[in-house]
Amino acid sequence: MSFNDIFKSSFLENVSEFSVLDTVLGLAVSLVIGLFIFLIYKKTLTGVMYSSGFALTLVGLSLVTTLVIMAVTSNVVLSLGMVGALSIIRFRTAIKEPVEIVFLFWSLAVGIVVGAGLLPLAVIGSALIGVILLLFANRKVRNDPYILVLNCTDETAEHAALDVLKENTEHPIVKSKSITTAGIELTAELRGKNASTDFVNTIAHLPGVGSATLVSYNGEYLS
């Protein structure tokens with residue numbers, strides 16, 4: 001192959017078919033929708049620990065996916081090679097909240113749809129998803145669940161503490177009970193009323209109660 005044959009190859013022909021306007025338009029739309037996903041993530045965040053890295057990933061993921069899909073749709077041979085290249089990628093970052101999976105797939109779907117040229121579908125679909133998440137993500141259906149850990153000296157203090165729980169909380173259930181020479185350690189699962197935790201103060205001041213610890217519970221033990 002001579003030097004002239006290299007410049008006559010199909011590689012440069014594919015470059016000449018490249019549309020700068022379509023690429024810029026697609027990436028611009030993907031960026032706007034990615035920022036919209038970023039805002040929805042901040043608005044629907046239920047915890048207090050905000051991950052700026054994950055939020056930035058949502059924007060970058062939509063842009064990168066758009067770029068890849070544009071390359072795949074422009075060349076059938078390239079699409080086959082892209083499948084093999086992307087199959088070696090493994091993501092091992094732990095997902096802290098199940099809802100984060102929704103945002104990841106949302107960003108991927110936006111990149112795929114925009115890269116395929118279906119801009120109205122990406123805009124309308126993202127708007128509907130954003131409205132649904134805003135309506136339901138922060139909607140409080142029931143009172144927050146808690147785990148209460150009690151240290152009592154005798155059964156009298158234990159019964160008095162349980163009576164306070166039945167009067168001031170919803171569905172208190174004893175999950176574990178340990179009896180030692182030092183006293184009784186009791187763990188109960190419950191739901192508070194009207195977001196009030198004053199019942200813990202009442203229990204802590206009962207005679208025979210050594211300590212009372214209230215822990216927020218959402219599937220994992222979090223203080």
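Read along the sequence, the protein chain follows the pattern α-α-α-α-α-α-α-β-α-β-β-α-β-β. That makes nine helices and five strands, where helices (H or I, at least four residues) and strands (E, at least two) are DSSP runs numbered from the N terminus. The model is predicted: local features need pLDDT of at least 70, side-chain atom pairs count only at pLDDT 80 or more, and totals for chains, interfaces and linings use all residues. Residues are numbered from 1 along each chain as its sequence is written, and side-chain values use heavy atoms, with hydrogens and water left out.

**Whole chain**

- Of the 223 residues of the protein chain, 26% count as buried (under 20% relative accessible area, with a 1.4 Å probe and protein chains only).
- The protein chain exposes about 14900 Å², and carbon and sulfur atoms supply 65% of that area (Shrake-Rupley method with a 1.4 Å probe).
- Among contacts (heavy atoms within 4.5 Å) between residues at least 6 apart in sequence, 70% join residues at least 24 apart.

**Nonpolar cores**

- A nonpolar core is a set of buried Ala, Val, Leu, Ile, Met, Phe, Trp, Tyr and Cys residues joined through side-chain atoms within 4.5 Å.
- In the largest one, which has 18 residues, Leu150, Leu165, Phe199 and Ile203 touch the most other members.
- Strand 1 (145-152), helix 8 (155-168), strand 3 (183-192) and helix 9 (198-204) each supply at least two residues of this core.
- Helix 8 gives the most to this core, namely five residues.
- Another core, of 15 residues, lies apart from it and includes Ile33, Ala55, Trp106 and Leu133.
- Beyond residues up to four places away in sequence, Leu150 touches Ala161, Ile184, Glu185, Leu186, Ile203, Ser211 and Ala212.

**Helix 6**

- Helix 6 (residues 99-115) has 17 residues and should span 24 Å at 1.5 Å a residue; its end C-alpha atoms are 25 Å apart, which agrees. The expected span is 1.5 Å times one less than the number of residues.
- Its buried residues are Glu100, Phe103, Trp106, Ser107, Val110, Gly111, Val113, Val114 and Gly115.

**Thr66**

- Thr66 sits in helix 4 (residues 52-74) and is buried, with a relative accessible area of 0%.
- A polar atom of the Thr66 side chain lies 2.7 Å from the backbone oxygen of Ser62.
- Leaving aside neighbours within four places in sequence, Thr66 is in contact with Gly26, Leu27, Ser30, Val110, Gly111, Val114 and Gly115.

Key. Buried means under 20% relative accessible area, exposed over 50%, partly exposed in between (1.4 Å probe, protein chains only). A polar contact is a pair of N or O atoms within 3.5 Å; within protein, one must be able to donate a hydrogen and the other to accept it, and residues adjacent in sequence count only if both atoms are side-chain atoms.
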